[in-house]
Amino acid sequence: MKTLLKRAFGLVTILVGLTMLLFGVGQTWLAPGKPFQFGPLVGGLLWGFLGLTFGRKWLFNTIDMSVIAVDPADPEVLEATRRAQASLPTLWEHLGQNRLECFVKFPLQTGDGLEHIWGIVHARLDDKVVVSLANEALGPLEGASDRQMVPIKDIEDWQVLVSPNEIRGGYSVGALARIARNRGYSLSRSDRKKLEVFVDAGPV
């Protein structure tokens, strides 16, 4: 019911935006004989843009994957972790070629709790990998260094940037997209574009 109301509101917003755009641009047709005014034109363009932008988002229930809250125990997430662990030999192969674009996702304990964060892989040492954080942790870290020793068994996902058009790994990215679809959302255009380069992420 909530989704239906949101879609209906989106449709109404689009119609209002189109109406405002029509009034702003079509002054000479709607009010012949009156001088053209730039104020209504600017207002019509602004409100038309806002109405079409947000109305489309609400109508199609679009969401950015970066704002989706995910339960670590979600079956899609667990399956993504299993696939990532099973395919680690591919990561080691690329790491052995001295590629700098190798990343792993792992749980990190901070002062505010457990975070799941990406790190740049520098080396593999026995049953651990040496990483530096690829993105800033939300909570405070213990110690001043961002270098971490991550047990291989704790790796939740991995990525290798082979080329601008091909990224290996990224199983959690595909899982996140499927979770969004399962919840009735449509992915944003930018997210759909990003997914195209993840060759291992699976169907969405």
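Modeller: Let's start with helix α4, residues 75-86, and helix α6, residues 171-182: they pack at an angle of about 160°, and their axes are 9 Å apart. Bear in mind that this is a predicted model. Angles over 145 degrees count as roughly antiparallel, so α4 and α6 are roughly antiparallel to each other. Their crossing is right-handed.

Who touches whom here? On the α4 side you'll find E76, V77, A80, R83 and A84. They meet Y171, S172, A175, R178, I179 and N182 of α6. Sort the residues of this contact by type and you get 6 nonpolar, 2 polar and 3 charged.

Now for the sheet. This one is open, has 6 strands, and reads β5-β4-β3-β2-β6-β7 in order, with antiparallel pairing. At the edges sit β5 (147-151) and β7 (166-169), each pairing on one side only. Neighbouring strands are turned against each other by 40° on average, if you ignore direction.

Another helix comes in at this point: α5, residues 88-95, packs on the sheet. It touches β2 (102-110), β3 (113-125), β4, β6 (157-163) and β7. The direction of α5 makes about 45° with that of β6.

Strand β4, residues 128-133, runs antiparallel to β5, and 5 bridges join the two. Within that pair, V129 has V150 of β5 as its bridge partner. If you're tracing side chains along a strand, remember the general rule: in a regular strand they alternate between the two faces of the sheet.

Further along the order, β2 and β6 are also antiparallel, joined by 4 bridges. Look for K105 there, which stands opposite D157 in β6.

Strands β6 and β7 pair in the antiparallel sense over 4 bridges. The two form a hairpin, with 2 residues between them.

As for the helix pair we began with, keep α4 and α6 in mind as roughly antiparallel, with a right-handed crossing.

Terms used:
Residues numbered from 1 in each chain as written. Predicted model: local features only at pLDDT ≥ 70, side-chain atom pairs only at ≥ 80, totals over all residues. Heavy atoms only, no water. Pairing = 2+ DSSP bridges. Axes fitted to C-alpha atoms, helices over the stretch in contact; angles between N-to-C directions. Contact = heavy atoms within 4.5 Å. Parallel < 35°, antiparallel > 145°, perpendicular 65-115°, else oblique. Left-handed = near helix turned anticlockwise from the far one by under 90°. Nonpolar A, V, L, I, M, F, W, Y, C, P; charged D, E, K, R; others polar.
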